[in-house]
Amino acid sequence: MSDQSNDQRVAIVTGGTRGIGAAITTALARSGVHVAAGYNSNAQAAEELAGKLGAEGASVSVHQGNVGEPGDCTRVVGEVLEARGRVDYLINNAGITVDKTMRRMTVDDWHAVLRINLSGSFYMAKAVLDHMLERGFGRIVNISSTIGQTGGIGQANYAASKSGLFGLTQSLAQEVARKGITVNCVAPGYIETEMVAAVPEEVLAKLLKGVPVGRLGQASEIARAVQFLVDDGAGYITGSVISVNGGLDM
Ligand SMILES: NC(=O)c1ccc[n+]([C@@H]2O[C@H](COP(=O)([O-])OP(=O)(O)OC[C@H]3O[C@@H](n4cnc5c(N)ncnc54)[C@H](OP(=O)(O)O)[C@@H]3O)[C@@H](O)[C@H]2O)c1
């Protein structure tokens, strides 16, 4: 049954149970927001995170769904609305890599990454949009990547998906700018998660040489930028990209 009287803010964080998403879930939940954390296949990680945060007194629910399936996106948003009566923040964080040079990249590799990283964010935003418009409030944050700004060898699919998020963000931001809804991107650099652990050591060492701050970023540092963007005081920031990349742009 929906609980329309509940005045606790509600966030949906896709891929919110591991890596950067888990840090976003943790930061928002600890600040008093109810977090509906999405996951696709790793139910154990989802239950563990929800259990840990629940034991601290934070409010977290977990929702299985593939963001590459529009039907899953509408179902998950429906579950959250049914249970909580509102969605204030949508953090489109779920993402995958299938890195291969163009010569080796198959059409399926291309579509798999575009479907989850880019279309998934479109499906989720579309699923919450009417509700946010009705309430006249919303914060949508899309987690892009430095690679979306620079491209990367072996990452044509990933870079295109992350560049695409900039266009999606700015288009939707313009459409809803006068409706109390902001839409922004956070573009992380190299962050210490399982996604980066998959990068060969010698490649990583070379990448780190190009990072002015001289280290990998922490997932909590991405969560900090997301918290800033969802804050009530951030209503004048829309269509923007916040780079959190140790100075890679310089
Ligand atoms: N790590 C970096 O250095 C870095 C840099 C720039 C940008 N990013 C971006 O930051 C985001 C998070 O990256 P991460 O490193 O934290 O990744 P990660 O550790 O691999 O976690 C990915 C999360 O996305 C979920 N997910 C994957 N496919 C999904 C699908 N089809 N439907 C729903 N959820 C799905 C996973 O769920 P399961 O647990 O169920 O698999 C998991 O919770 C991604 O968008 C990534 O592109 C990361």
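Strand 2 points His 34, Ala 36 and Gly 38 one way and Val 35, Ala 37 and Tyr 39 the other, and all are buried. Buried means under 20% relative accessible area, exposed over 50%, and partly exposed in between, with a 1.4 Å probe and protein chains only. This is a predicted model, in which local features need pLDDT of at least 70, side-chain atom pairs count only at pLDDT 80 or more, and totals for chains, interfaces and linings use all residues. Residues are numbered from 1 along each chain as its sequence is written, and side-chain values use heavy atoms, with hydrogens and water left out. Helices (H or I, at least four residues) and strands (E, at least two) are DSSP runs, numbered from the N terminus.

**Strand 2 and its neighbours**

- Strand 2 covers residues 34–39, and six of its six residues are buried, so the rest of the structure largely encloses it.
- Strand 1 (residues 10–13) pairs with strand 2 in the parallel sense over four bridges. Two strands pair if DSSP finds at least two bridges between them.
- Val 35 in strand 2 stands opposite Ala 11.
- From strand 1 the chain crosses through helix 1 to strand 2, and this β-α-β crossover is right-handed. That term applies if, with the strands pointing away from the viewer, the path from the first strand over the helix to the second runs clockwise.
- Strand 2 also pairs with strand 3 (residues 60–64), in the parallel sense and over five bridges.
- Ser 61 in strand 3 stands opposite Ala 36.
- The chain gets from strand 2 to strand 3 through helix 2 (residues 43–55), and this β-α-β crossover is right-handed.

**Helix 1**

- Helix 1 spans residues 19–30, which makes twelve residues.
- From its first C-alpha to its last, helix 1 reaches 17 Å, close to the 16 Å expected at 1.5 Å a residue. The expected span is 1.5 Å times one less than the number of residues.
- Ten of the twelve residues of helix 1 are buried, so the rest of the structure largely encloses this helix.
- Among the buried residues of helix 1 are Ile 20, Ile 24 and Leu 28.
- Gly 32 follows helix 1 and has a positive phi, near 105°.

- Strand 5 runs over residues 138–143, and six of its six residues are buried, so the rest of the structure largely encloses it.
- Both of its faces are covered: Gly 138, Ile 140 and Asn 142 lie on one side, and Arg 139, Val 141 and Ile 143 on the other.
- Strand 4 (residues 89–92) pairs with strand 5 in the parallel sense, over four bridges.
- Asn 142 in strand 5 is the bridge partner of Asn 92.
- The chain crosses from strand 4 to strand 5 through helix 4 (residues 107–135), and this β-α-β crossover is right-handed.
- Strand 5 and strand 6 (residues 181–188) are paired in the parallel sense over six bridges.
- Ile 181 in strand 6 is the bridge partner of Gly 138.

**Ligand surroundings**

- The ligand is surrounded by 29 residues, and the closest are Arg 18, Ser 41, Asn 93, Tyr 158 and Thr 193. A residue is near a molecule or strand if one of its heavy atoms lies within 4 Å of it.
- Asn 40 has a backbone N or O atom 2.8 Å from an oxygen atom of the ligand.
- Val 67 has a backbone N or O atom 3.0 Å from a nitrogen atom of the ligand.
- A polar backbone atom of Asn 93 is 2.7 Å from an oxygen atom of the ligand.

**Cysteines**

- A search of the whole structure finds zero disulfides. A disulfide is a pair of cysteine sulfur atoms within 2.5 Å.
- Cys 73 is in no disulfide, and the nearest cysteine sulfur, that of Cys 185, is 17 Å away.
- Cys 73 counts as buried, at 1% relative accessibility.
- Cys 185 is buried too, with a relative accessible area of 0%.

**Two single residues**

- Gly 136 sits in the loop between helix 4 and strand 5.
- At 37% relative accessibility, Gly 136 counts as partly exposed.
- Gly 136 and Arg 178 are 42 residues apart in sequence and 9.0 Å apart in space, C-alpha to C-alpha.
- Ser 161 belongs to helix 6 (residues 156–176).
- Ser 161 counts as buried, at 0% relative accessibility.
- Ser 161 and Ser 61 are 100 residues apart in sequence, and 28 Å apart in space, C-alpha to C-alpha.

Key: Polar contact = N/O pair within 3.5 Å; in protein donor to acceptor, adjacent residues only side chain to side chain.
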